[in-house]
Amino acid sequence: MSEKGETILEAKEIFKAFSGVPVLQGVHFDVRKGEVHALMGENGAGKSTLIKIITGVYSKDRGSIFWEGKEVEINSYKDCQRLGIACIYQELSVIPPLTVAQNVYLGREPKKGGLIDYKKMNEMTAELIARYDFPLKPETIVANLGIGQRQLIEILKGLSCNSRLLIMDEPTASLSGKEAESLFSIINTLRKNGVSIIYISHRLEEVYRLADRLTVLRDGKNAAVLDQADIQPLRVIELMIGKTVDESAGSSKQMRVSKNEVRLDVRGLTDETGRFRDISFTAHKGEILGFGGLIGAGRTELVRAIYGIDKFKSGEVYLDGKKLNPSPKRSIKAGFGFVPEDRRQQGFIPLLSIEKNVALTNYDIVKRNGAAISDASELAMCKEAIKKIDIRPADPEKAVGLLSGGNQQKVVLGKWLMRDLKVLIIDEPTAGIDVGAKNEIYELLESLAKQGVTVLLVSSDLQELIRVSHRILVMRKGSIVKEFDKETVTQAMVLAAAQGLEESKEAAS
Amino acid sequence: MKKKIQWGKFSKPMILVAFVIILTILRPDSFPTLGNISNVLWSVSVYGIMVCGTIFVFLVGGIDLSIGSLCGLSAVVIVKTIHAFGDTEGGVAAGIMAALLVGALAGVIHGFVITKFKVPAFLVTFATSSIFLGLSMVLTNNKIISCLGPDLFTAIGMMKILGFPIPIYVMLIIAIVSWFVLRKTPFGRYMYAIGGNPAAARLSGINDTGLTFLAYIFSGISTALGGIVLASMTQQCMASTGSGYETEVITAAVIGGVSLLGGEGTVPGAIFGAVIIGLLNNGLNLMSVPSTEHGLVKGIVIIAAVAFDALQHQDQAKKGFSFFSFGKSKKTA
């Protein structure tokens, strides 16, 4: 590797707390010229808070930031752009009907006599593209490009403002393998040209491959800063999780549920586009079956297909020995409940009251007066749900859009509790929910299991996954790669399997 | 806070009462008479009838711009059918059936194109509006066709029961039916769910495309009913009979608190909106405002109503929630 460059950005002793809860506690982070510096850590370790402080979204409580040796105050994204830092967001902000060049120079178009000088704009873009060897043409309409190429336009945009530090947050999350390869080669070219990159990723193999250095954060503190030679996957996992892993995770009070009868039997389920392949598993009565894996491993797609929202190409789903032809309507009738990953977008009807949201899937059991819904029966159902899971405020008339995240999730969950459930599918149940509500939801899932409900739990929160699940299946790149029992599993084991480390070990031996 | 919400609930009736009081004070002789009130309601009834079906489309987040010309086409269809049957009472029955069928068919076409080809409702109904108008032109040769009998036909628009003409009763009945369906049946609740969050509705096992389809059929049928009543009231038809009614209906809905983004609105609200427009027209006439200026005043009132509505929603946004941001973009978070 090229000799170590001078430090371009340095963040020293950064402290940040949100309403009294410390998120960053004296974090140190520095980036050198022309290096790819990876940033890793579990959910909640403080990565995104640190990045938001560097890009001026949040203000720090204490600490200082140096840019090329001089102390700077970054109070807005504009400040950070002025210094030469660009952030490549996961949600792309390109405008599809415009050309590549028009997007790159949006708002900064070169002008001639008051009009946009398209010729010059295209030339400037072509020059940038040539310098860094991007697989793009200035005059292509963006609408015709794939997501990977659109991301490259964002990078070009950053480079066109002479940015010397690019921040990439999970850049490969929505890319195909080929697109990711293309991105990696661009990253290498950028590095050779002296551009520095902060690379945030959950995927160890990428970090292992790309990073010159790696900073691991844990609980808002530096767990380690590793040079390339010291980046060893298992060591990194240890650092991310910490030595203080609760090894008693699999407490012995667990009942053995796998002795119960099989409730759900999935055989050879395969998706049209290969987001999951040949998935087979059984889930028992009263079992909480956890699905671990990295984002994009195909877990959400799998449970959506089992419930019947998305079609699958081949394979079968059996409930209590009966073959299903899944569609949401039929699945609900058969005894399924589904709590989606994205609560706001898919979970509830924001304008409707708690009462009407709870009743939405339950009009087959709400009483009728002739053709009319019995308002009293509907209200009684809502009150029962409010009482059962402590929704606050306990006002049936309140629009669900006005509730807190945790209470919204309780409403989404509550509507299923009013039915005779056999299988509850729940995807990232506690994302964006406060600790108190989290625990209530865990207790609820446990009590449902005791009543014999089978729970399929998808979670990227390892602690949650291990705490709640009786058994864990780990998915990687669309396949189930590992199965763990609650008694023996640790966070490190799940993470290693999700990263594919077990596989490579076996392949090596 | 609680008090304010209560007030918000009654704000519509209060506006109505205020309107009545103001007009009573300004025109004590001509406004508060049974004849005049009956007249206002009579003039409101056609788009009052129409909005009771079109509200389903608004609720699922769609729009139907074709209702004006479809209203005209239905009027043409009933009049032509009656003439074809030699102005008999059987012809009236056949005409009503034919007009309703045309309305339902229009809804089927809309529903099919919108749900199967995912074309924006705005474009589809804009185009069919032109088709319906064109059809009416062809059928009437672009002439006025009058239809003075039989009595059964003219009775629909003109006959009075207890001092009020029949169209008012028709409006009341269809409003009650529509209210009942929306308020009291799962089907109606699903309409709100689809417009409020289609993805969540789908996950809850609601057949969103099927129900959207039905919403357009309801809109077509209620529009045809409006056309039948209008033809009978005017005892004639021509291609442009219903033109402009789409604006009246949309205005009534919006004033009545129906959200054009979907998921929000009630039948009483929409009827309230229709009555407000009727009172506004009536007031302008009684005050001898030249008809050339009516459009001006109405436009201002609509903007004021919509702005007031948006303002109320903004208050709620300040409490950490915006009605308008949902399902649009999550970037703002």
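## Overall make-up of chain A

Chain A contains 18 helices and 24 strands, where helices (H or I, at least four residues) and strands (E, at least two) are DSSP runs numbered from the N terminus. This is a predicted model, in which local features need pLDDT of at least 70 and side-chain atom pairs count only at pLDDT 80 or more, while totals for chains, interfaces and linings use all residues. Residues are numbered from 1 along each chain as its sequence is written, and chains are lettered from A, with ligands numbered from 1, in the order in which they are written.

The C-alpha trace of chain A spans about 75 × 60 × 50 Å along its principal axes. Of the 509 residues of chain A, 46% count as buried, a residue being buried if 20 or more other C-beta atoms lie within 10 Å of its own, exposed if 12 or fewer, and partly exposed in between, with C-beta atoms placed from the backbone. Among the contacts in chain A with a separation of 6 or more, 69% are between residues 24 or more positions apart, two residues being in contact if their C-beta atoms, placed from the backbone, lie within 7 Å.

## Confidence of the prediction

The model scores ipTM 0.83 and pTM 0.79. In terms of pLDDT, which is the predictor's confidence in each residue, from 0 to 100, chain A averages 87, with 94% of the residues scoring at least 70. The pLDDT of chain A is below 50 over residues 244-254, a stretch that has 14 contacts in the model beyond near neighbours in sequence, and again over residues 503-509, where there is one such contact.

Chain B averages a pLDDT of 87, and 90% of its residues score at least 70. In chain B the pLDDT stays under 50 over residues 1-7, which have zero contacts beyond four places in sequence, and over residues 317-333, which have 17 contacts beyond four places in sequence. Where pLDDT is low, the predicted coordinates should not be read in detail.

## Domains and the nonpolar core

By an automatic or database domain assignment, chain A is divided into domain 1 (7-241), domain 2 (248-335 + 420-508) and domain 3 (351-419). The C-alpha centres of domain 1 and domain 3 of chain A lie 44 Å apart.

The largest nonpolar core has 237 residues, and those with the most contacts inside it are V455(A) and V494(A); such a core is a set of buried Ala, Val, Leu, Ile, Met, Phe, Trp, Tyr and Cys residues joined through C-beta atoms within 7 Å. The largest share of this core, 15 residues, comes from helix α2 (residues 34-59) of chain B. Leaving aside residues up to four places away in sequence, V455(A) touches I288(A), L289(A), L424(A), I426(A), L445(A), L448(A) and A449(A).

## Contact between the chains

In the model, 23 residues of chain B are in contact with 25 residues of chain A. On the side of chain B that touches chain A, the elements giving two or more residues are α8 (186-196) and α9 (198-203) of chain B, and the largest share, five residues, comes from α8(B). By class, this side of chain B has nine nonpolar, seven polar and seven charged residues, where Ala, Val, Leu, Ile, Met, Phe, Trp, Tyr, Cys and Pro count as nonpolar, Asp, Glu, Lys and Arg as charged, and the others, Gly among them, as polar.

## Local backbone features

Helix α8 (residues 233-241) of chain A has V236(A), I237(A), L239(A), M240(A) and I241(A) buried, and what covers the buried residues of α8(A) includes β3 (36-40), α7 (204-210), β11 (213-218), β12 (221-227) and α17 (491-499) of chain A. Just after α8(A), G242(A) takes a positive phi of about 90°.

The peptide bond from R392(A) to P393(A) is cis, with omega near -5°, and P393(A) lies in the loop between α13 (375-389) and α14 (405-417) of chain A. E170(A), although not a glycine, has a positive phi of about 45°; E170(A) is found in the loop between β9 (165-169) and α6 (177-192) of chain A, and counts as partly exposed because it has 18 C-beta neighbours inside 10 Å. In chain B, S288(B) has a positive phi near 60° in the loop between α12 (267-286) and α13 (294-318) of chain B, and S288(B) counts as exposed, with 7 C-beta neighbours inside 10 Å.
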